Amino acid sequence: MSTQPNVLFLIADDHRASAIGAYGDPSVRTPVLDRLCTEGASFRRNCHMGGLSGAVCVPTRACIHTGAHVFRASAGNDMNDGETLNTLDPGHTYLAELFRQNGYATFATGKWHNDAASFARSFGEAENVFFGGMDSHFAVPVQDFDPNGAYDKSRQRIGDQFSTDLFGDAAIRFLNCQDGSRPFFLYCAFTAPHDPRTPPQDWADVYRPEAMPLPANFAGIHPFDNGEMSVRDEKLADFPRTAENTRRHIAEYYGMISDMDEKIGDMLAALSRNGLAENTIVVYTADHGLSVGQHGLLGKQNLYDHSVRVPLILRGPGVPAGQQIDALTHTYDVYPTLCDLAGLKIPESVDAESLAPLMEGTVTATRPYLHSVYKHVQRMTQDQEWKLIRYSKDGEQGSERTQLFHFASDPWELNDLSKDASVAAERERLEEELASWQAAAGDPMITAER
């Protein structure tokens with residue numbers, strides 16, 4: 001029997017951190033994720049790093065798979081070259097690839113929104129893989145393992161289940177075949193709760209739109225042009241947003257989340273049934289969050305908390321139970337963390353910070369600031385108390401401005417203090433920090449502004 005821990009890596013699409021019961025939302029039903037928080041460690045100030053693509057899931061997943069920061073994870077940083085933005089930098093050792101090199105069986109199912117070559121390097125088994133960004137949840141084009149590694153679209157077939165079941169059941173079939181003799185790395189990437197938000201009827205009936213509470217920062221329209229007001233995601237509802245339509249979007253969003261939570265419960269039951277639970281590290285996270293009516297926005301193409309903060313939950317060997325950690329973390333920190341938990345050497349190319357010391361209690365913080373980017377139009381930095389968002393001009397569509405929030409007392413980001421002279425020193429400090437990080441990270445925006 002193998003003594004190395006298995007890994008069950010679960011990633012959702014569009015699931016913001018606040019839309020989990022244990023994270024403080026009493027309206028959404030997530031008993032399985034709530035239980036994972038109780039049985040493991042949950043990182044409550046975890047944010048993604050964004051990226052240079054309107055499809056934010058592409059760069060955020062690239063960071064996770066490479067452990068590299070946003071400007072090093074992909075093959076290129078030219079916003080006009082979608083192919084290089086989608087392609088993982090081949091100079092990195094990818095997360096699943098590292099486990100594969102160390103004797104793990106690596107299996108994937110679900111969404112892969114990067115290049116096929118990186119997928120082929122990472123996984124030795126696969127079933128029901130969706131190479132793309134979004135599609136109907138009832139007719140997902142998928143492929144199974146390709147020993148040639150090409151994963152050509154001509155191999156596609158249409159799945160015969162709702163997406164969450166299609167991927168979750170493939171993972172369960174893999175788990176049912178494991179006897180514990182060889183460790184495994186199972187990667188399951190749901191397309192829920194991404195739109196089209198069409199939850200199965202049993203969960204659609206649970207959430208009545210008229211009963212959905214509006215968020216405190218609901219608005220009919222965003223107060224200014226943030227440089228990306230006409231992106232596809234923002235066109236899913238008319239302007240100005242109405243309370244009635246926003247409640248409907250929230251109900252559908254929650255229905256998708258609860259259905260996914262239920263399927264994750266089936267997967268965890270399969271772990272237990274096969275005697276694998278005690279030796280399996282379970283990871284739950286998401287690529288990015290979603291506005292769903294907050295600040296008058298619907299999509300993820302912004303750097304407010306609802307869009308940049310995502311869940312990160314770990315359970316299993318080496319993870320203390322019942323830990324709620326408020327240190328500042330980035331999602332790609334999961335790469336070196338899993339290496340530490342599995343006893344694998346962290347590649348030198350990894351920029352992320354292991355979260356193991358936080359869970360062990362040997363440190364209280366791994367970094368003083370978080371940073372996130374969106375294309376060439378938005379940049380963000382925050383510490384434990386303050387948050388600054390900078391908007392840069394994007395042709396005739398954008399507007400140059402800065403927002404400053406005292407996040408500790410204003411988590412809904414309602415009170416912009418950027419023009420408040422009494423906190424000018426905080427604004428200046430964060431602006432200097434952001435500029436310093438951009439220079440150190442090689443932000444192409446700096447070049448674009450010259």
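Author: Two strands pair if DSSP finds at least two bridges between them; strands (E, at least two residues) and helices (H or I, at least four) are DSSP runs numbered from the N terminus. The model is predicted, so local features need pLDDT of at least 70 and side-chain atom pairs 80 or more, while totals for chains, interfaces and linings use all residues. Residues count from 1 along each chain as its sequence is written, and side-chain values use heavy atoms, without hydrogens or water.

Reader: OK, which residue in β15 is the bridge partner of Trp386?

Author: β14 covers residues 386-391 and runs antiparallel to β15 over six bridges. In β15, Trp386 is bridged to His406.

Reader: Which strands stand at the edges of the sheet?

Author: It's an open, mixed sheet of five strands, ordered β3-β12-β13-β14-β15. Two of them have a single partner strand each, so one side of each lacks a neighbour in the sheet: β3 (50-51) and β15 (401-406).

Reader: How much area do domain 1 and domain 2 bury between them?

Author: The domain assignment (automatic or from a database) gives domain 1 as 4-360 and domain 2 as 369-444. Contact (heavy atoms within 4.5 Å) links 36 residues of domain 1 with 34 of domain 2. Counting accessible area lost on being put together (1.4 Å probe, summed over both parts), with 59% on carbon and sulfur atoms, the total is about 3,000 Å².

Reader: And how many salt bridges are there between domain 1 and domain 2?

Author: A salt bridge here puts a side-chain nitrogen of Lys or Arg within 4 Å of a carboxyl oxygen of Asp or Glu. Lys375 and Glu228 form one, at 2.8 Å from N to O. Between domain 1 and domain 2, the salt-bridge count is one.

Terms used
Buried area = accessible area lost by both parts, 1.4 Å probe.
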